[in-house]
Amino acid sequence: MKTRLARHWISGSMIGLTYLAAVLATLPLLLILAHLIRKGAASLSLSFFTHMPGPVGETGGGMANAIVGTLILISIACAIGLPIGIGAGIYLSEKRSMPLAQSVRFLSDVLNGLPSIVMGIFAWTLLVRPVGHFSALAGGGALGAMMIPLVTRTTEEMLRVVPTSLREAALALGYPRWRTSLSVVVRTALAGIATGALVAVARIAGETAPLLFTALGNQFWSTSLREPIAALPLQIFAYAISAYDEWHAQAWAGALVLISIVLVISLAARVVTRSKFGAPVD
Amino acid sequence: MTAVPAPAVSTDRRRLTVHETAIGDRIYEIVTTACALVVPALVIAIAIAIFAGAWPAFSKLGLSIVTSSDWDVRAGRFGAAPAIFGTLVSSALALIIATPLAIGVAIFLSEFSPTWLRQPIGFLVDLLAAVPSVVYGLWGIFVLVPLLREQVMPFLRDRLHLGATPFFSGPAYGPSMLAAGVILAIMALPYISAVSREVLMAVPRSQREAALALGATRWEMIRDAVIPYAKSGIIGGIMLGLGRALGETMAVTMVIGNRAEISASLFAPGYTMASLIANQFSEATSDLHQSALLAVGAILFVITLIVNAVARWLVWQVSRDRAV
């Protein structure tokens with residue numbers, strides 16, 4: 001038999017280990033952020049946002065084309081992912097326990113875990129191979145397909161928070177089901193649904209793998225949906241694995257911009273969901 | 001709930017007839033159902049598209065695509081065994097590093113953390129999942145890999161004398177299976193810890209109180225009363241992290257070294273299925289090469305599909321019993 005003292009000693013040290021785990025788990029994020037800010041801020045300037053990529057060996061230059069390209073890709077993705085995702089989310093919350101709803105819920109979760117590169121080759125076989133060339137449309141399509149399951153699940157979560165009594169009150173007043181759903185239930189949860197959409201945008205904004213063989217990237221200015229288009233993550237990747245110090249510096253600056261976008265959206269979403277829905281989501 | 005709109009019935013002059021109501025409901029139902037059906041349609045479309053593209057390679061190369069380790073594009077030989085090996089080893093390594101940390105954080109957050117620390121730490125760990133993969137890769141190339149090459153690898157090999165084992169032997173290049181494993185561990189950690197925290201918090205209070213009342217120390221309470229209760233959910237979380245690690249592409253491609261060889265040493269460069277596709281797909285000119293890469297994609301798709309499905313099922317088993 002272990003003595004009481006030994007048991008308490010073991011307990012104390014195991015608890016200490018969980019404290020250590022908390023420190024170790026938060027360390028990488030802080031290290032990465034610190035390094036990004038130090039390296040990125042050095043090469044970040046106004047011209048980064050307004051200029052085109054410079055040739056090798058020249059300092060300066062920017063990623064204007066990649067920033068615009070990313071915005072275009074996100075817009076295409078939203079045009080595909082948001083309506084379908086929100087519609088599916090509404091379906092899941094209306095028909096909570098129908099067999100179809102349960103399998104859709106399950107498959108959304110499974111799709112969410114699908115490697116983004118698989119989504120990339122899927123979009124390639126569907127949108128690039130038949131037409132014979134890479135395009136912004138294909139890249140946006142790949143990102144849009146990734147958004148659908150994300151938005152579906154967050155929309156459903158947000159609609160679930162709306163009290164049943166609200167729905168019942170509207171129905172009792174003679175509202176048809178569809179108006180009850182749209183102008184009472186969905187409207188109540190609108191801020192939450194918008195937040196979910198933002199989180200999905202933050203998630204796909206940084207995706208690189210699905211764009212590798214769809215949007216491909218472009219060193220030049222292009223806003224055509226039928227042409228290959230530049231994107232911030234693709235540009236960071238290309239510069240990071242290049243052999244030039246100037247390009248490495250640009251990669252750091254690009255990464256700082258990208259992570260700022262993602263973190264600001266994540267923080268905003270956190271604040272909104274907390275203030276709107278009382279209890280913190282954890 | 002300030003955003004609740006007051007139902008504007010009194011101003012709604014135009015009354016809907018029963019008939020119109022029924023039509024509206026019908027249309028609404030059809031539209032939302034159609035949206036919902038897109039999700040299963042997407043899964044089926046992905047499966048069909050990828051397997052159709054992979055078919056020529058499967059029929060021509062047969063089993064050799066998974067058993068052979070000879071990947072020679074010019075000679076038309078495509079054996080993806082090194083990539084499959086690399087995917088499994090790097091993911092396993094990631095889980096070995098990430099699991100204890102993630103469960104430790106989850107226990108800390110659900111049991112011991114002071115209330116004021118719970119939110120910030122939980123948020124910081126969650127944010128790890130929001131960092132784009134290419135940013136991890138960039139950090140990996142310029143910070144992690146040099147650190148491993150100059151400090152960690154020599155330390156493991158020479159100071160701890162692990163160089164005698166095949167796993168830690170050979171020259172320290174930097175880009176390596178070890179680098180990929182460490183990056184993947186950081187990336188899988190938030191998924192494992194988020195799910196673990198969720199299921200730990202779903203464990204009823206009475207379970208803890210009963211253990212304490214029987215004289216258990218706080219650690220014994222966790223070990224004997226809380227963890228067994230949440231076990232299948234935690235395993236689900238680990239499998240979710242595994243799913244992430246298996247399919248992770250950019251960060252791994254940037255630090256693993258991309259060499260199609262099977263080596264026992266974690267210091268040696270390797271390849272994963274995802275990085276193989278990422279590296280070669282846009283340059284694949286021959287049909288067989290393209291098809292072989294699609295076949296690798298198909299294998300990856302099936303593996304991650306199974307891992308994710310099992311993970312979700314396990315997590316549901318636990319969270320289903322929660323107060324509904």
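Okay, hi everyone. Keep in mind that what we're looking at is a predicted model.

Let's start with the place where chain A meets chain B. How many residues does each chain put into the contact? Chain A gives 83 residues, and chain B gives 76 residues. On the chain A side, the largest share comes from helix 1, residues 4-43, with 18 residues. And what sort of residues are on that side of chain A? There we have 58 nonpolar, 18 polar and seven charged.

Now let's go inside chain B. The crossing is right-handed. If you want to find it on screen, look for B:Ala94, B:Leu95 and B:Ala98 on helix 3, and B:Gly241 and B:Leu242 on helix 8, which are among the residues making the contact. By class, this contact has eleven nonpolar residues, four polar and one charged.

Over in chain A, helix 4, residues 99-112, and helix 6, residues 136-160, have axes that come within 8 Å and cross at roughly 130 degrees. That makes this pair oblique, and here the crossing is left-handed. Helix 4 brings A:Ser108, A:Asp109, A:Leu111 and A:Asn112, and they meet A:Pro149, A:Leu150, A:Thr152 and A:Arg153 of helix 6. Sorted by class, that's three nonpolar, three polar and two charged residues.

Okay, that's me done, thanks!

Methods: Residues are numbered from 1 along each chain as its sequence is written. Chains are lettered from A and ligands numbered from 1 in the order in which they are written. This is a predicted model: local features need pLDDT of at least 70, side-chain atom pairs count only at pLDDT 80 or more; totals for chains, interfaces and linings use all residues. Two residues are in contact if their C-beta atoms, placed from the backbone, lie within 7 Å. Helices (H or I, at least four residues) and strands (E, at least two) are DSSP runs, numbered from the N terminus. Ala, Val, Leu, Ile, Met, Phe, Trp, Tyr, Cys and Pro count as nonpolar, Asp, Glu, Lys and Arg as charged, and the others, Gly among them, as polar. A crossing is left-handed if the near helix is turned anticlockwise from the far one by less than a right angle, and right-handed if clockwise. Axes are lines fitted to C-alpha atoms, for helices over the stretch in contact, and angles run from 0 to 180 degrees between N-to-C directions. Angles under 35 degrees count as roughly parallel, over 145 as roughly antiparallel, 65 to 115 as roughly perpendicular and the rest as oblique.
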